[in-house]
Amino acid sequence: MTGEPEIGDVFGEMIRDAYAVATGIGPRPMAGGRLPRPVIEIIERDDGLVNGAPAGHYLDPPQRWQPHDHRAVDRVRGHVLDVGVGAGRIALHLQDRGVPVTGLDTSLGALRVSRHRGVRDLVHGTVDEHAADGRRYDTFLLLGNNLGLFEGRERAPAMLAALAALARPGAQVIAHGTDPYGTTDPVHTAYHERNRRRGRIGGQLRLRLRYRLLGTEWFDYLVCSPEEFAELIHGSQWRLTDVDDTDHPYYLATLTLR
């Protein structure tokens, strides 16, 4: 026993259990007795901050979505790549509307749940890996705060290039982000300043996920202002054509291929 988690498919195991609790399909995690144990996603930050959130929202039907999710799916056109498809909530809704959609995820467990829920076209891998497959898309959705997948200044150019390699002419990216700088909580403002002293973007998180006995490797996840995101896009094959911040601090950033 080392006290450190085993590295594994944290997201997949968590989504599998959340799906079992919600539907009764599959073995449910029990907390003793007969009642299913709540499925909680544990997020650990590199300064020691630990947060937890119920995982059931990854299964939410459209009537439980945030307004910005509805506005995002109303803007799609052509063939959609749902980046970070998770349990398939966005892809299923698009399928129901007759929109051609492919779901992409690095979690095999999440893809199994998506397939069981009815998502027809799924790909296992990263955006970079999928770029070699020769498929092309008109809209890329990065919802559920998945603008974070740009990670930071080091990763963003490769991410933008991979999306461009998968894009048809005139393609668009619609990414959901969160502006982190409205807080006055010293736990977060001190973290922002620490990041800046290290040459990082203030809201560039260093995280790992935990669930039961599993953990992920540490990874970067970007939480930034629209202005910071615009700086990351500058000089790429994409241009930032719209920022919808109706639900501030949440926003939708739309990129269009040049």
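Student: How many helices and strands does the protein chain have, and how do you know what counts as one?
Tutor: The protein chain has eight helices and 13 strands. Both are DSSP runs, numbered from the N terminus: helices are H or I with at least four residues, strands are E with at least two. Keep in mind that this is a predicted model, where local features need pLDDT of at least 70, side-chain atom pairs count only at pLDDT 80 or more, and totals for chains, interfaces and linings use all residues. Residues are numbered from 1 along each chain as its sequence is written, and side-chain values use heavy atoms, with hydrogens and water left out.

Student: Why is Leu255 called buried?
Tutor: Buried means under 20% relative accessible area (exposed is over 50%, partly exposed in between; 1.4 Å probe, protein chains only). Leu255 has a relative accessible area of 0%, so Leu255 is buried. Of the 258 residues of the protein chain, 50% count as buried.

Student: Where is Leu255, and which residues is Leu255 in contact with?
Tutor: Leu255 lies in strand β13 (residues 250-257). Contact means heavy atoms within 4.5 Å. Leaving aside neighbours within four places in sequence, the contacts of Leu255 include Leu160, Val173, Phe229, Ile233 and Trp238.

Student: What makes strand β5 mostly covered?
Tutor: Five of the five residues of β5 (residues 101-105) are buried. In a regular strand the side chains alternate between the two faces of the sheet. In β5, Val101, Gly103 and Asp105 on one side and Thr102 and Leu104 on the other are all buried, which covers both faces.

Student: How do you know that β4 and β5 pair?
Tutor: Two strands pair if DSSP finds at least two bridges between them. Strand β4 (residues 80-83) and β5 have four bridges, in the parallel sense. Val80 stands opposite Val101 in β5.

Student: What do the buried residues of helix α4 pack against?
Tutor: They pack against α1 (10-23), β5 and β6 (122-124). The buried residues of α4 (residues 108-117) are Gly109, Ala110, Leu111, Val113 and Ser114. Following α4 is Gly118, with a positive phi near 120°.
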